[in-house]
Amino acid sequence: MTDRQPDDVDALSATARDHLWMHFTRLSAYQDAPVPVIARGDGCYVWDSAGRRYLDGLSALFVVQTGHGRQELADAAAKQAAELAYFPIWSYAHPKAIELAGRLAHMAPGDLNRIFFTTGGSEAVESAWKLARSYFKRVGKPLKTKVISRAVAYHGSSMGALSITGIPPFKQEFEPLIPSTMRVPNTNYYRRPDENMTPEQFGIWAADRIAEMIEFEGPDTVAAVYLEPVQNAGGCFPPPPGYFQRVREICDRYDVLLVSDEVICAFGRLGEFFGADKYGYQPDIITVAKGLTSGYVPLGAMIASERLAEPFLTGPNWFAHGITYGGHPVGAAVALANIDIMERENLNQHVRDNSPLFRSYLEKLLDLPIVGDVRGDGYFFGIELVKDKTTKETFDADESERLLRGYLSSALFEAGLYCRADDRGDPVIQLAPPLTATETQFAEIEQILRGVLTEAWNRL
């Protein structure tokens with residue numbers, strides 16, 4: 001289990017409280033409570049520094065696709081670090097970045113053949129915006145700089161990516177941000193504007209709001225539309241039938257780039273290497289990170305079409321953008337090994353085969369009065385919580401605060417399940433276990449959720 005003694009556990013927690021500035025964390029929450037310290041992982045489970053086991057129902061952060069404790073990935077990192085620990089890809093190349101770029105180009109849909117490496121998702125999102133602006137300047141359309149994204153969508157936390165993000169509370173204390181970003185409705189069918197809409201009608205309606213926004217802002221000023229295959233924030237909104245096909249038509253009509261933000265959705269999360277393949281549409285750019293290496297080493301990428309690369313292939317033209325650790329040799333080596341595992345173990349097919357079973361376990365919870373909707377795809381689901389199932393009445397801000405932060409987050413963890421209780425839109429619980437998860441984990445998730453959500457309802 002663990003060799004740490006109780007004093008070591010307390011010391012770790014105290015040092016974390018005093019010195020570790022944890023991300024997206026209310027530091028006050030740990031003034032009178034210990035900081036949870038996760039010390040190791042194996043498969044679908046992690047253990048804290050006191051030796052207690054938890055089911056990782058979120059793949060750490062939608063990241064650990066092939067599971068924790070993969071010695072093969074650790075060995076790939078060690079071997080590469082011993083051979084070439086670091087060298088930049090600024091006017092030079094190294095074998096692993098070359099090999100990975102070729103492999104991703106072969107895997108990506110259509111003519112997305114140009115791979116610009118980053119270290120994470122926010123950098124990939126910003127790289128795509130910079131490329132869009134730079135490309136349109138070179139083809140004689142310098143006013144095309146604006147970006148459209150969806151309400152409640154999260155696209156990153158750095159200043160450019162945060163500007164594209166559609167979650168006002170995340171943005172307010174950092175404003176003014178980069179101007180020229182607009183929001184359109186997302187694809188939350190549960191809260192569609194007209195209850196009589198079929199999924200197909202809702203999809204066309206939502207897509208047409210993009211065309212409406214392009215017309216309003218002026219087609220000569222809009223550079224790109226950023227969309228996740230399944231929107232994360234708000235609780236896993238899948239695309240209605242025909243949605244992305246209509247969006248592709250709109251982008252072609254107005255010469256606007258379609259950026260498929262797949263930082264979460266790529267590399268098996270939806271049962272395909274790319275979400276665009278899952279839903280049958282052709283992006284101009286795909287942004288990836290997270291599952292590319294299963295999180296064993298940070299690595300991300302912007303995957304761009306040949307059309308976007310063409311203006312930079314001749315004369316003095318260059319894309320004046322770079323990141324020190326982009327295409328890191330160790331990250332590239334781990335990514336290659338991670339893809340090997342996914343292909344050898346056929347994890348995409350595993351997800352496709354088991355996603356309906358995972359959904360069925362979560363849908364058992366619909367008998368609880370607090371559960372309004374279960375939605376998602378692949379190994380990526382959200383459970384929306386409501387006060388009234390008939391009217392779909394949600395919780396007000398104070399109730400949400402007491403429900404999510406005051407009880408659910410800690411109660412789920414105490415019950416042995418690591419997942420996300422989220423109120424960036426309406427209150428939801430998000431689940432995205434490692435792609436190796438089976439019915440054993442689905443049943444465990446359902447049982448833990450049932451107990452905790454029943455108690456949450458009793459506390460209201």
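How far is the sulfur of Cys419 from the closest cysteine sulfur, and which residue holds that closest sulfur? Then walk me through helix α14 and its surroundings.

Analyst: The sulfur of Cys419 lies 11 Å from the closest cysteine sulfur, which belongs to Cys236. That is too far for a bond. This is a predicted model: local features need pLDDT of at least 70, side-chain atom pairs count only at pLDDT 80 or more, and totals for chains, interfaces and linings use all residues. Residues are numbered from 1 along each chain as its sequence is written, and side-chain values use heavy atoms, with hydrogens and water left out.

First, the cysteines. A disulfide is a covalent bond between the sulfur atoms of two cysteines. Here it is counted when two cysteine sulfur atoms lie within 2.5 Å. A search of the whole structure finds zero disulfides. Cys419 is buried, at 14% relative accessibility. Buried means under 20% relative accessible area, exposed means over 50%, and partly exposed falls in between (1.4 Å probe, protein chains only).

Now the helix. α14 covers residues 397–414. Helices (H or I, at least four residues) and strands (E, at least two) are DSSP runs, numbered from the N terminus. α14 has 18 residues and reaches 24 Å from its first C-alpha to its last. That is close to the 26 Å expected. The expected span is 1.5 Å times one less than the number of residues.

Look at the ends next. Asp396 caps the N-terminal end of α14. A side-chain oxygen of Asp396 lies 3.2 Å from the backbone nitrogen of Asp398. Such a polar contact is a pair of N or O atoms within 3.5 Å; within protein, one must be able to donate a hydrogen and the other to accept it, and residues adjacent in sequence count only if both atoms are side-chain atoms. After α14 comes Gly416, whose phi is positive, near 100°.

Follow the axis. α14 bends by about 40° at Leu408. The bend is the angle between axes fitted to the seven residues ending at a residue and the seven starting there. Leu408 is one of the buried residues of α14. Others among them are Leu403, Leu404, Tyr407, Ala411 and Leu412. An α-helix has 3.6 residues a turn, so residues three or four places apart point the same way.

Finally, the rings. Rings of Phe, Tyr and Trp (its six-membered ring) pair if their centres lie within 6.5 Å; planes under 30 degrees apart count as stacked, over 60 as edge-to-face and the rest as tilted. By this rule there are 19 aromatic pairs. One of them joins Tyr54 and Phe413. The pair is stacked, at 4.1 Å centre to centre and 10° between the planes. It links distant parts of the chain: Tyr54 is in strand β3 (residues 53–56), while Phe413 is in α14, 359 residues apart. Both Tyr54 and Phe413 are buried.
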